[in-house]
Amino acid sequence: MLKEGPHRDPHVNWLVHEGGRILADPERVQELAGRRLAFRLVELEDHFRTHSYRLGIVGNPHRGKSTYAYSCYETLSDYHFPAHYVDLDIYSPSGLANSGHHDLANRPKRTDAPKEEVLASIRGFRATGPGIVFGDFPGLPDKPYQPRRIKAVDMAIVLGDDSSDRGKWLERLSKAKKDALWLRTRSDNVRAYPLDPTIYALDRKPRPNSLDVVTSLTRILEVIGKKIGIPLANVWVKLPNGRIPFSEPERMVLAEILDFEFAPYARGQEWD
C-alpha cells in the first residue's frame, strides 16, 4: 500500500498548498465563486436585456423547488441582471411566502383550480421577460397541465434525491424535446451523496448568493449561453487582452471542488 506524501513535482505541491489556503478562507472562496458568476453575467447581460429564457424548476413535492428558484432569482437581482420569478403552483403558492407577501403556514392552499386560471398562469409565464425567467412548477410529472407547462420552458432543472422520481421528470422532458439538468436537494446540510451535485438547506428560506446556489447558477448560465449561441470566454486561459481571470490555484478550487460539489449534471449522468 502506498503511503501518501508530498508529490515529486514541486509545482503540484505548490498548487495543493495554495488551493488549501484558498479553501481555508471561506470569504475568499465566496468571492471567487461570485467573481466567476459576475464574469459570466457581463457576457450575457446585453442579450438578456432584450430576450427571455424560460427556465423550469421542476421536481416532486417538497424537493426545494420554490426555495431554489427564488434563491436563483434573488441572486441575479442582486447583480442587477434581468431576472424574474413566476410561481406556476397556483394551488399552493410558496413563492408568495418566499417573497414575504404571505406567511408560509397560512398561504392559500387548494387541490384544484379552474382550467382558465391554470392556462392564464402558463400564458403569464410565457409573456414574462426579458431576462432569465424562473418558473416554479407544481406537483408531479403526470399531473394535468404539466405538458403545457413543460412546452413553455426552454430548459428545465430537475430537483430531487430519488433517482426513480427524477427519471420520470427527465423522461417527460425528453419526450417533449426539452433540455434538462439535474441536482440533488436536501432540506438540511448533511452530505449524503458525495458523488452527486447537491444543493443544501432548502427549507423554505431562500439563500441568495450562497456558495451552492452561486456555483450551480453559474454553470446553468454557461449551459444557456452555449445553447443560444453566445460566445463565452474560456476563463481557464489567458484572454485576448492578455489577462488571466483566475490564477491556477483558483481554477483548481472552482473546477475540482466547487463544480464537483454543486454543478448540475446533464441528463444521463447518474451515480445511483
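Predicted model: local features only at pLDDT ≥ 70, side-chain atom pairs only at ≥ 80, totals over all residues.
Author: Residues are numbered from 1 along each chain as its sequence is written, and side-chain values use heavy atoms, with hydrogens and water left out.

Reader: What makes the contact of Glu-250 with Arg-35 a salt bridge?

Author: A salt bridge is a side-chain nitrogen of Lys or Arg within 4 Å of a carboxyl oxygen of Asp or Glu. The closest N and O atoms of Glu-250 and Arg-35 are 2.8 Å apart, so the pair qualifies. Glu-250 lies in helix H9 (residues 248-262) and Arg-35 in helix H2 (residues 26-48), so the bridge ties together parts 215 residues apart in sequence. Helices here are DSSP runs of H or I with at least four residues, and strands are runs of E with at least two, numbered from the N terminus.

Reader: Why does Glu-250 count as buried, and why does Arg-35 count as partly exposed?

Author: Buried means under 20% relative accessible area, exposed over 50%, and partly exposed in between (1.4 Å probe, protein chains only). Glu-250 has 11% relative accessibility and therefore counts as buried. Arg-35, at 27%, counts as partly exposed.

Reader: What makes Asp-259 and Arg-219 a salt bridge, and which helices hold them?

Author: Their side chains meet at 2.8 Å, N to O. Asp-259 lies in helix H9 and Arg-219 in helix H8, so the pair ties together parts 40 residues apart in sequence. Asp-259 counts as buried at 10% relative accessibility, whereas Arg-219 is partly exposed with a relative accessible area of 27%. Both belong to a network of salt bridges that also links Arg-36, Arg-40, Glu-43 and Glu-222.

Reader: How do you know that H3 is largely enclosed by the rest of the structure?

Author: Of the 14 residues of H3, 10 are buried, so the helix is called largely enclosed. Among the buried residues are Tyr-68, Tyr-70 and Cys-72.

Reader: What span is expected of helix H3 (residues 65-78), and what span does it reach?

Author: The expected span is 1.5 Å times one less than the number of residues. H3 reaches 20 Å from its first C-alpha to its last, close to the 20 Å expected. Just after H3, His-80 takes a positive phi of about 60°.
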